[in-house]
Amino acid sequence: MSRIPTDILIAGQWRRGAGDPVETVDPATGQVLATLCGASPEEVAEAAEASARAAADPAWRDLLPHQRARLLHRIAELTEAAAGELSALQTADTGKTLAETRALALSAAGTFRFIAAALETAEEAITPSRGEYVTMSVHEPLGVVAAINPWNSPVASDAQKIAPALAAGNAVLLKPAAWTPLVSLALGRLITQALEEFGLPTALLSVLPGSGRVVGDAVVRHPLVARIGFTGGTATGRSIATVAADRLIPASLELGGKSPTIVRADADIEQALAGVMFGIFSSSGQSCIAGSRLFVAREIYDAFLTELVQRVAKLRVGPGTDPHTQVGPLVHHQHRDSVAAYVDLARSEGARVLCGGTVPEGAEYRDGAYYLPTVLDGLPNTSRTCQEEIFGPVLVALPYDDEDDLVRQANDTVYGLACGIWTSDHRAAWRLARRIDAGTVWINTYKQFSASTPFSGWKASGLGTEKGREAIRAHQRQKSLYWGTSDAPLPWAG
């Protein structure tokens with residue numbers, strides 16, 4: 001891994017921030033990786049003003065869509081070439097396995113490439129005329145947009161917001177999570193390089209680390225910010241939505257989840273076992289779409305859970321740099337303690353801890369933010385453990401009696417982000433997929449993503465969508481043009 005970046009990107013310039021120190025820690029060892037200074041509110045304002053000028057610069061404003069697409073293709077090339085470095089930085093910062101972080105870096109490159117292709121083929125519309133005129137619908141940039149991302153998958157999340165924003169002709173203020181700014185800064189260097197190669201204003205992107213209360217608040221409240229894209233917790237999302245509503249600007253919010261994963265009696269059991277474990281324990285459960293509530297048909301519940309617990313107990317816990325690791329450390333000791341507190345809550349609610357439920361023993365785990373993969377049962381779906389997002393390697397299992405009982409329990413949550421269904425009956429899969437309140441449903445698979453497919457949350461899981469062709473239009477404003485074709489004078493003509 002090359003030198004860890006500590007300068008931040010303000011108004012197109014790399015320099016030491018004037019804000020509070022931001023300490024990044026390797027969650028596998030507890031050692032400090034780097035200390036950088038975040039952005040100050042004054043620097044946020046500086047970045048917003050420079051971004052507005054960059055967005056209005058004819059060098060950027062007048063680029064044709066296929067020319068902006070060339071820039072995005074170049075960013076994809078640079079990101080793909082740097083996948084190894086980006087992967088190492090993200091593993092050091094988040095604790096994820098190198099296999100996962102490499103996949104995330106390549107996913108980021110793929111997002112830039114897909115959005116470039118979508119931009120190349122985007123069309124405006126001539127709408128049906130209802131008089132002696134030609135009507136056209138066109139789309140124009142918003143100007144400056146905010147992208148605020150979480151710590152669990154920074155590089156992929158960054159690409160999902162930056163790519164469509166640039167494709168739409170905007171400038172971007174990127175606010176990475178305070179715990180994990182390193183890979184976002186590295187991606188910022190790649191994008192800055194591409195902008196320089198094309199002779200474009202580097203102030204089109206700022207990367208502004210720091211706390212959400214200081215930097216994030218300054219970003220969303222700045223009067224030049226015309227759109228907010230946020231991924232994170234539901235409580236913070238509500239606060240951002242309130243600011244956006246007060247300012248009358250659009251916001252897309254990808255928020256929390258408590259996603260059901262369903263095993264019917266007719267499921268391929270081997271496939272379901274592997275899928276359930278991957279759905280909750282990959283990324284150490286630190287995923288908004290983690291399948292954290294397991295519903296199993298009552299007639300196979302005991303046998304399925306017995307086999308599941310035996311396999312979960314054998315999952316290899318260790319640092320993300322070890323190629324044999326399946327479950328890495330949690331992102332931060334503070335978050336590990338939050339997960340442990342939820343398991344203590346589950347015990348107080350009467351849960352049975354079937355495996356895990358504690359930190360692993362051994363000198364190799366002593367200083368890291370580790371927590372064992374945990375399986376709980378014996379709780380009603382109404383319990384706090386079953387209703388609140390834990391965001392860790394904790395699975396709670398519940399039996400169900402019939403499809404109506406299943407749907408009632410699965411939908412009995414404030415969230416509606418994702419769902420997994422394991423069955424060999426395609427009719428039942430279709431029926432369940434349509435009845436479950438969720439923006440994404442996986443059938444006989446889990447955690448598969450495509451840049452071409454929209455991703456959205458229902459209920460308290462969010463507003464708006466990311467990904468897909470329409471992601472570009474979400475970062476633009478629509479304008480209607482009327483072209484008169486009649487030679488007849490208008491009313492009141494002299």
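This is a predicted model: local features need pLDDT of at least 70, side-chain atom pairs count only at pLDDT 80 or more; totals for chains, interfaces and linings use all residues.
Start with the backbone. Most residues other than glycine have a negative phi. Two residues here go the other way.

Take Ala-11. Its phi is positive, about 55 degrees, although Ala-11 is not a glycine. Where is Ala-11 found? Look in the loop between strand E1 (8-10) and strand E2 (13-15). Is Ala-11 buried or exposed? The relative accessible area of Ala-11 is 14%. The cut-off for buried is under 20%, so Ala-11 counts as buried.

Now Leu-248. Here too phi is positive, near 55 degrees, in a residue other than glycine. Leu-248 also lies in a loop, between helix H9 (234-247) and strand E11 (251-254). Its relative accessible area is 77%. Exposed means over 50%, so Leu-248 is exposed.

Next, the sheet. Three strands form an open sheet in the order E5-E6-E24. The pairing is antiparallel. Which are the edge strands? They are strand E5 (125-127) and strand E24 (476-484), and each pairs on one side only. On average, neighbouring strands of this sheet are turned by 30 degrees against each other, ignoring direction.

Zoom in on one pair. How many bridges link strand E6 (residues 133-141) with E24? Nine, in the antiparallel sense. To find one of them on screen, go to Val-134. Its bridge partner in E24 is Trp-483.

To recap: Ala-11 is buried, Leu-248 is exposed, and the sheet runs E5-E6-E24.

Technical notes: Residues are numbered from 1 along each chain as its sequence is written. Side-chain values use heavy atoms; hydrogens and water are left out. Helices (H or I, at least four residues) and strands (E, at least two) are DSSP runs, numbered from the N terminus. Buried means under 20% relative accessible area, exposed over 50%, partly exposed in between (1.4 Å probe, protein chains only). Two strands pair if DSSP finds at least two bridges between them. Axes are lines fitted to C-alpha atoms, for helices over the stretch in contact, and angles run from 0 to 180 degrees between N-to-C directions.
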